[in-house]
Amino acid sequence: MMSAHKYKLCQLQEGMSVQIISMDLTGVMRRRLLDLGFVPGNVVTVVNKSPLGDPIAFRVSGTVIALRKEESSNIYGEMV
């Protein structure tokens, strides 16, 4: 883990929730995730994690969205 309060989304277990604080993505992927609700300040909850940990289903803005580890490892949040 990065620090006591900052987590990558891919590090979370089912049922855990974080408030997004930053994203380390650029270009089309950043825009797409922002449009889907992965905006700093929004709360994200892990709904389901596949057996191998990739992809992971997240609930954000009332919608369930699955992200690959490649994307979820670049989104950071603090526990709520």
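Two strands are taken to pair if DSSP finds at least two bridges between them, and by that criterion strand 1 (residues 7-8) and strand 6 (residues 75-79) are paired, because 2 bridges join these antiparallel strands. The model described here is a predicted one, and every value quoted below is computed from it.

## The sheet and its helix

The 6 strands form an open sheet in the order 1-6-2-3-4-5, and the pairing is antiparallel. Strand 1 and strand 5 stand at the edges with a single partner strand each, so one side of each is left without a neighbour in the sheet. Helix 1 packs on this sheet, where it touches strand 2, strand 4, strand 5 and strand 6, and its direction makes about 145° with that of strand 2.

In general, strands of a sheet pair through backbone hydrogen bonds, either parallel or antiparallel.

## The nonpolar core and the aromatic pair

Which residues have the most contacts inside the largest nonpolar core? They are Leu-9, Phe-38, Phe-58 and Ile-75, in a core that has 19 residues. The elements that give two or more residues to this core are strand 2, helix 1, strand 3 (43-49), strand 4 (56-60) and strand 5 (63-67).

Phe-58 can be followed in some detail. With residues up to four places away in sequence left out of the count, Phe-58 touches Leu-9, Phe-38, Val-44, Thr-45, Val-46, Val-47, Thr-63, Val-64, Ile-65, Leu-67 and Ser-72. Both Phe-58 and Phe-38 are buried.

The structure holds 1 aromatic pair. The rings of Phe-38 and Phe-58 have their centres 6.4 Å apart and their planes at 90°, so the pair is edge-to-face. This pair links distant parts of the chain, with Phe-38 in the loop between helix 1 and strand 3 and Phe-58 in strand 4, 20 residues apart.

## Salt bridges

| Arg-31 | Asp-35 | 3.0 Å |

Arg-31 and Asp-35 both belong to helix 1 (residues 27-36), where they lie 4 residues apart, about one turn of the helix. Arg-31 counts as partly exposed because its relative accessibility is 46%, whereas Asp-35, at 56% relative accessibility, counts as exposed.

## Loops and local backbone features

A cis peptide bond, with omega of about 5°, joins Asp-54 and Pro-55, and Pro-55 has its place in the loop between strand 3 and strand 4.

In the loop between strand 4 and strand 5 lies Ser-61, whose phi is near 55°, a positive value in a residue other than glycine. Ser-61 is also exposed, because its relative accessible area of 52% is over the 50% cut-off for that class.

Gly-15 is placed in the loop between strand 1 and strand 2, and at 55% relative accessibility Gly-15 counts as exposed. Leaving aside neighbours within four places in sequence, Gly-15 is in contact with Thr-45 and Val-46, and Thr-45 and Val-46 are also among the residues that Phe-58 touches. The C-alpha atoms of Gly-15 and Tyr-76 are separated by 17 Å, and these two residues are 61 residues apart along the chain.

Technical notes. Residues are numbered from 1 along each chain as its sequence is written. This is a predicted model: local features need pLDDT of at least 70, side-chain atom pairs count only at pLDDT 80 or more; totals for chains, interfaces and linings use all residues. Side-chain values use heavy atoms; hydrogens and water are left out. A salt bridge is a side-chain nitrogen of Lys or Arg within 4 Å of a carboxyl oxygen of Asp or Glu. Buried means under 20% relative accessible area, exposed over 50%, partly exposed in between (1.4 Å probe, protein chains only). A nonpolar core is a set of buried Ala, Val, Leu, Ile, Met, Phe, Trp, Tyr and Cys residues joined through side-chain atoms within 4.5 Å. Contact means heavy atoms within 4.5 Å. Axes are lines fitted to C-alpha atoms, for helices over the stretch in contact, and angles run from 0 to 180 degrees between N-to-C directions. Rings of Phe, Tyr and Trp (its six-membered ring) pair if their centres lie within 6.5 Å; planes under 30 degrees apart count as stacked, over 60 as edge-to-face and the rest as tilted.
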